[in-house]
Protein chains: 2
Amino acid sequence: MQSDNKTAAILVIGDEILSGRTREGNAHHLSGVLSAVGIDLKEIRVVADEQDLIVEAIRALDSTLGGRYDLLFTSGGIGPTHDDVTADAVAQAFGVGIGMNEDALADMRARWEARGVTPTENALRMARIPLGAELIRNKVSAAPGFHIGNTYVMAGVPEVFRAMVEAILPDLPTGRPPISESVDVHRGESLVADDLKAVAEAYSDLSLGSYPWHRDGVYGTALVVRGLDPARVSAAMSDLKRRIGV
Amino acid sequence: MQSDNKTAAILVIGDEILSGRTREGNAHHLSGVLSAVGIDLKEIRVVADEQDLIVEAIRALDSTLGGRYDLLFTSGGIGPTHDDVTADAVAQAFGVGIGMNEDALADMRARWEARGVTPTENALRMARIPLGAELIRNKVSAAPGFHIGNTYVMAGVPEVFRAMVEAILPDLPTGRPPISESVDVHRGESLVADDLKAVAEAYSDLSLGSYPWHRDGVYGTALVVRGLDPARVSAAMSDLKRRIGV
């Protein structure tokens with residue numbers, strides 16, 4: 001699909017995904033959000049909670065560090081425990097220091113005071129932010145995410161991740177959201193492949209995909225046309241339907 | 001967690017994951033299987049159905065091509081349509097040719113004949129296999145996956161992916177599966193972080209993780225100890241429980 005939209009990657013940090021304990025959901029949530037606002041997600045990576053691996057991935061993915069994509073979104077590793085090393089990794093990747101952020105600290109202290117809780121030293125670790133980064137404040141957690149270079153660093157806890165995504169959305173360089181049309185046919189992929197290819201060639205500005213499925217013993221294929229121009233997408237879908245006779 | 005287990009990566013190929021249309025499930029399934037047989041999954045990547053990107057990822061991840069991990073498992077892009085480019089990408093990454101595989105063709109023809117179906121040219125594309133690769137036959141689909149170098153190429157359709165995983169499992173270089181113990185505590189992560197860190201330092205051969213959750217308005221943290229030696233894992237968990245008083 002041709003587009004001038006910004007490109008993006010998501011970096012998920014978490015042993016619990018790699019061990020199979022947790023099914024990743026944050027990248028799936030964000031992928032839908034990015035698609036809806038016209039940012040082209042090109043890659044997702046999941047790495048362990050190890051500082052060197054995180055540093056390397058950030059450098060490979062954030063264009064301000066010579067990486068491949070316009071924008072990078074991370075999930076996970078910014079909590080209060082010993083295995084939360086994302087903030088240090090980001091500081092290292094960007095070659096900046098890290099220290100207590102007074103604004104983050106004030107937010108967190110206010111939240112705790114309202115609850116009558118005395119913060120632990122460990123909780124305060126969540127106010128350690130790479131120097132020069134902007135905070136990502138959000139509705140759910142007083143502990144913020146942060147934004148440095150083209151990298152947006154967010155929490156792994158799904159409710160907090162979603163709140164942080166909501167918080168950054170107004171500031172993202174949005175583009176033209178693709179629209180899609182789809183049709184289900186009750187036949188195998190290989191029987192529609194010729195027609196799909198012909199339409200894909202005639203509409204090279206669009207993206208055509210086919211996704212086989214089976215439900216309750218019935219087999220079929222979902223055919224999806226995606227693109228930026230609704231009229232082109234409709235025309236391609238009409239052409240496709242006519243060719244396959246549905 | 002210290003281990004002599006083989007390391008692995010999963011490469012998921014599919015625009016439908018990146019667009020948010022489909023929630024990825026194959027990597028989650030395989031991550032649990034690998035954990036259970038003592039293979040250490042270190043990275044998951046999702047890239048689009050673009051040959052160059054797939055080639056680059058394979059080279060970065062398969063140790064036989066100078067990549068980082070002992071084993072690489074791929075999902076997706078081996079169907080009959082124009083956007084199925086994984087087999088060509090694998091051939092390119094390994095610097096080998098690609099052609100019709102007679103064994104794959106025979107399997108597929110037999111399946112079609114049994115159903116009274118005449119195969120299309122496109123369906124036959126699924127018998128195009130990089131030269132020198134071994135087929136991954138499976139119970140669900142006559143169209144095979146294949147294995148070349150340390151890379152196992154499997155289908156994206158979940159039922160077929162799972163059948164292919166089952167087919168390769170007996171041949172994988174399995175290791176010592178980690179075992180884990182977990183306990184839920186009704187307090188925030190920052191209140192257990194000191195105890196968690198102390199135990200992590202005392203048991204540096206183990207992996208300790210903490211995963212905040214909330215359900216029905218109740219907040220808590222799951223504490224997980226993982227390692228290869230059940231006695232060490234139990235000892236660390238007892239120590240942790242004693243420290244936090246549960």
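In the predicted model, strand E10 and strand E11 (residues 218–227) of chain B are paired in the antiparallel sense through nine bridges. Within this pairing, Gly209(B) faces Val224(B) of E11(B). Both strands belong to an open sheet of three strands in chain B, ordered E9-E11-E10, in which the pairing is antiparallel. The edges of this sheet are formed by strand E9 (179–185) and strand E10 (207–215) of chain B; each has a single partner strand, so one side of each is left without a neighbour in the sheet. From one strand to the next, the twist averages 20 degrees. Helix H8 (residues 193–202) of chain B lies across E10 and E11 of chain B, and H8(B) runs at about 155 degrees to E10(B).

A second open sheet contains twelve strands with mixed pairing. Its order is E6(A)-E7(A)-E8(A)-E3(A)-E1(A)-E2(A)-E2(B)-E1(B)-E3(B)-E8(B)-E7(B)-E6(B). At the edges stand strand E6 (134–136) of chain A and strand E6 (134–136) of chain B, each with a single partner strand, so one side of each lacks a neighbour in the sheet. In chain A, strand E1 (residues 7–13) and strand E2 (residues 40–47) run parallel and are joined by seven bridges. Ile13(A) is placed opposite Val47(A) of E2(A).

Helix H3 (residues 51–61) of chain A touches E1, E2, strand E3 (71–75) and strand E8 (151–154) of chain A. The direction of H3(A) makes about 175 degrees with that of E1(A). Helix H7(A) lies across E3, E6, strand E7 (145–148) and E8 of chain A, and its direction is at about 145 degrees to E8(A).

On the side of H3(A), the contact is made by Gln51(A), Ile54(A), Val55(A), Ile58(A) and Arg59(A). On the side of H4(A), the contact residues are Thr86(A), Asp88(A), Ala89(A), Val90(A), Gln92(A), Ala93(A) and Phe94(A). Sorted by class, the contact of H3(A) with H4(A) has seven nonpolar, three polar and two charged residues.

H7(A) likewise takes part in a helix pair. Helix H2 (residues 26–37) of chain A and helix H7 (residues 158–168) of chain A pack at an angle of about 20 degrees, and their axes are 10 Å apart. Because of this angle, H2(A) is roughly parallel to H7(A). The crossing of H2(A) and H7(A) is right-handed. H2(A) contributes Asn26(A), His29(A), Leu30(A) and Val33(A) to the contact, while H7(A) contributes Pro158(A), Phe161(A), Arg162(A) and Val165(A). By class, five nonpolar, two polar and one charged residues make up the contact of H2(A) with H7(A).

For chain A, the domain assignment gives domain 1 (7–171) and domain 2 (179–244). The centres of domain 1 and domain 2 of chain A, taken over C-alpha atoms, are separated by 37 Å.

Notes: Residues numbered from 1 in each chain as written. Chains lettered and ligands numbered in written order. Predicted model: local features only at pLDDT ≥ 70, side-chain atom pairs only at ≥ 80, totals over all residues. Heavy atoms only, no water. Axes fitted to C-alpha atoms, helices over the stretch in contact; angles between N-to-C directions. Helix = DSSP H or I, 4+ residues; strand = E, 2+ residues; numbered from the N terminus. Parallel < 35°, antiparallel > 145°, perpendicular 65-115°, else oblique. Left-handed = near helix turned anticlockwise from the far one by under 90°. Contact = heavy atoms within 4.5 Å. Nonpolar A, V, L, I, M, F, W, Y, C, P; charged D, E, K, R; others polar. Domains from an automatic or database assignment. Pairing = 2+ DSSP bridges.
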